[in-house]
Amino acid sequence: MGQGILLSSAADIDFMVHGVFSYELFGQTVWITTTHVCVLIVMLVIIGFCIAANRAVKHASEVPGTFQNVVELVVEMLDNMVGGVMGKYAVNFRNYIGTIFIFILISNISGLFGLRPPTADYGVTFALGIMTFVTIHFNKFKHQKVKGVIKGLCDPWPIWAPINVIGDVAVPISLSLRLFANILSGVVMMALVYGLLSKIAYIWPGALHVYFDLFSGAIQTYVFCMLTMTYITDACTTE
């Protein structure tokens, strides 16, 4: 707990990623950091919810209970979001978009429960950006073929090809930096509040948590997934 996994009102709080413990692997020292621990906690929460949701659906009743209603509402909202943006391609990507949406959202709002949000670590957001980048270009070559990809790079003139390449490479960087910077800024602000105003930081910081962790976290989740869906849909379009 003293390694920064949990946020508290202690005066020595900071917003850095810390090593929890290390081990030797092939002659190299590998560190398990607070980010790894927080990602594991988030994953366990999501897995637990999925197991409970699966059991609720398998034993669904004609008069659904509260939890079953919540599960159906979440699935319906995600399906509608993906379907509204991706159209006919939604059926192929709703599982992927739904998964990253839930992971990013839970990671972003984990600060409400004292965790350091995993998305405040660029190693996490960059990995999400790379996943989206690979998905985009896999589908671009699948649907547009090599000829279509080359034609797109040379649009409107061949001289623009280097600029278009830079634009493609910038996609995972811009996606990951936007998410990382917005979440980290909230972590820094809350660390400053608790570190500098620890003697009077009672009750009122809750409003800041609602904004930085809940509101901003939900907005950034939506933005990341919306851009991901837009890029993938554009890659699948052959017209």
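Biologist: In which helix is the place of serine 107?

Modeller: Serine 107 lies in helix 3, where a helix is a DSSP run of H or I with at least four residues, a strand is a run of E with at least two, and both are numbered from the N terminus. This is a predicted model, in which local features need pLDDT of at least 70, side-chain atom pairs count only at pLDDT 80 or more, and totals for chains, interfaces and linings use all residues. Residues are numbered from 1 along each chain as its sequence is written, and side-chain values use heavy atoms, with hydrogens and water left out.

Biologist: Why is serine 107 called buried?

Modeller: Buried means under 20% relative accessible area, exposed means over 50%, and partly exposed lies in between, with a 1.4 Å probe and protein chains only. Serine 107 has 0% relative accessibility, and therefore counts as buried.

Biologist: Which residues does serine 107 contact, leaving aside neighbours within four places in sequence?

Modeller: They are Val42, Pro117, Pro118 and Thr119; contact means heavy atoms within 4.5 Å. Val42 is itself one of the buried residues of helix 1.

Biologist: How do you know that the length of helix 1 agrees with its number of residues?

Modeller: The expected span is 1.5 Å times one less than the number of residues. Helix 1 has 25 residues and should therefore span 36 Å; its end C-alpha atoms are 36 Å apart, which agrees. The buried residues of helix 1 pack against strand 1 (19-25), strand 2 (28-33), helix 2, helix 3 and helix 4.

Biologist: What makes a set of residues a nonpolar core?

Modeller: The members must be buried Ala, Val, Leu, Ile, Met, Phe, Trp, Tyr or Cys residues, joined through side-chain atoms within 4.5 Å. The largest such core here has 32 residues, and Met86, Ile97 and Phe103 have the most contacts inside it. Helix 3 gives the most to this core, with 8 residues. Among the residues that Met86 touches are Phe93, Ile97 and Met229.

Biologist: Why is isoleucine 130 called partly exposed?

Modeller: Its relative accessible area is 32%, which falls between the two limits for buried and exposed. Isoleucine 130 is in helix 4 and belongs to a nonpolar surface patch that also includes Phe126 and Val134.

Key
Patch = residues over 30% accessible without salt bridge, like charges linked within 9 Å, V, L, I, M, F, W, Y side chains within 5 Å. Areas by Shrake-Rupley, 256 points an atom, 1.4 Å probe, with all protein chains shown as cover. Salt bridge = Lys/Arg side-chain N within 4 Å of Asp/Glu carboxyl O.
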